[in-house]
Amino acid sequence: MVHQFPDLPYAYDALEPYIDAKTMEVHYSKHHRTYFDKFCAAIKDSELEQQSLRRIFANISSLAPAVRNNGGGYYNHVLYWNCMAPNGGGVPSGELGRAIEETFGSFAEFQQQFSDAAINTFGSGFAWLIVKDNQLVITSTSNQDNPLMDVAAIQGEPILALDVWEHAYYISYQNRRPDYIDAWWNVVNWEAVAENYHQALS
C-alpha cells in the first residue's frame, strides 16, 4: 500500500505536562485516524491510490474536497507528530540553527514570528516553517491545507508544523491558544526538523 497509517512515535503521555495524554489519545486515534480513513475512502478504486501524497497535493485544485481535506489532515498530522519529542525543546544547532539566525536575525526573533503566525491563523489551521527556493519561510494555512498543495498562497517544502485546531489544545488550554503555543516550544524535536531541512535542500 502506498498510503499507510503510521504509529505515533511516542506514548500518549510522553509530552506531558505540555500536551496532555488525553488530548494526544483523542487527537491521534480519533481525529488523525478519521482523516486517514476518509482519505482512503475518497481515493478508493482510483489512480490516486497509487500516487504519492506529493503528487496528489500538486494537483489538489482539480480533485474533490474530500481528497483535499482528508489527505491534508492525514499528511499534516504525520509531520506534526514527528516534529515533537519527549526530550524536545531548546534551540536548534548546526546548519538549521545557522540558517534560522541568518534568515530571522536570531532564534528568539524566529520564535516570535512563528508564534505570531500561529496565534493569528484565523479559525483552524497550521503554522509552518518551510523551505522555498532554498530559503526558510514562515507561513500558515487554513483548515487542513499545507504548503505542498497547489492552492497554497505560499508553496514550499514543510519542515516544521504546528497544529492550531482547537482539538489540539482545548482540554488543557481551552481558548488560550498562545499558552498552548508557548508550551509547544518545549517539545519541538529540532533533530527531526534539522533532518527535514537537510532533505528539503537536497
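This is a predicted model: local features need pLDDT of at least 70, side-chain atom pairs count only at pLDDT 80 or more; totals for chains, interfaces and linings use all residues.
Arg-33 sits over the face of Phe-5, 4.5 Å from the ring centre.

## Aromatic pairs

The model holds 22 aromatic pairs. In one of them, the ring centres of Phe-5 and Phe-36 are 5.5 Å apart and the planes meet at 40°, so this pair is tilted. Phe-5 belongs to the segment before helix H1 (21–43) and Phe-36 to helix H1, so the contact ties together parts 31 residues apart in sequence. Phe-36 is also buried, with 6% relative accessibility. Ring pairs join Phe-5 and Phe-36 in a cluster with Tyr-12, Tyr-28, Phe-39, Tyr-74, Tyr-80 and Trp-81.

Phe-36 being buried at 6%, another pair can be set beside it: Tyr-169 and Tyr-180 have ring centres 4.8 Å apart and planes at 20°, so they are stacked. Tyr-169 lies in the loop between E3 and helix H6 (170–173), and Tyr-180 in helix H7 (residues 177–184), so parts 11 residues apart in sequence are tied together. Both are buried, Tyr-169 at 3% and Tyr-180 at 0% relative accessible area.

## Largest pocket

By class, the lining comprises 12 nonpolar, 5 polar and 2 charged residues. Helix H3 contributes the most, with 5 residues.

## Hairpin

Strands E1 (residues 125–132) and E2 (residues 135–142) pair in the antiparallel sense over 8 bridges. Phe-126 has Thr-141 in E2 as its bridge partner. Between the strands are 2 residues, and Asp-133 in this hairpin takes a positive phi near 55°.

How values were computed. Residues are numbered from 1 along each chain as its sequence is written. Side-chain values use heavy atoms; hydrogens and water are left out. Two strands pair if DSSP finds at least two bridges between them. Helices (H or I, at least four residues) and strands (E, at least two) are DSSP runs, numbered from the N terminus. Ala, Val, Leu, Ile, Met, Phe, Trp, Tyr, Cys and Pro count as nonpolar, Asp, Glu, Lys and Arg as charged, and the others, Gly among them, as polar. Rings of Phe, Tyr and Trp (its six-membered ring) pair if their centres lie within 6.5 Å; planes under 30 degrees apart count as stacked, over 60 as edge-to-face and the rest as tilted. Buried means under 20% relative accessible area, exposed over 50%, partly exposed in between (1.4 Å probe, protein chains only). A charge sits over a ring if NZ of Lys or CZ of Arg is within 6 Å of the ring centre and within 35 degrees of the ring normal.
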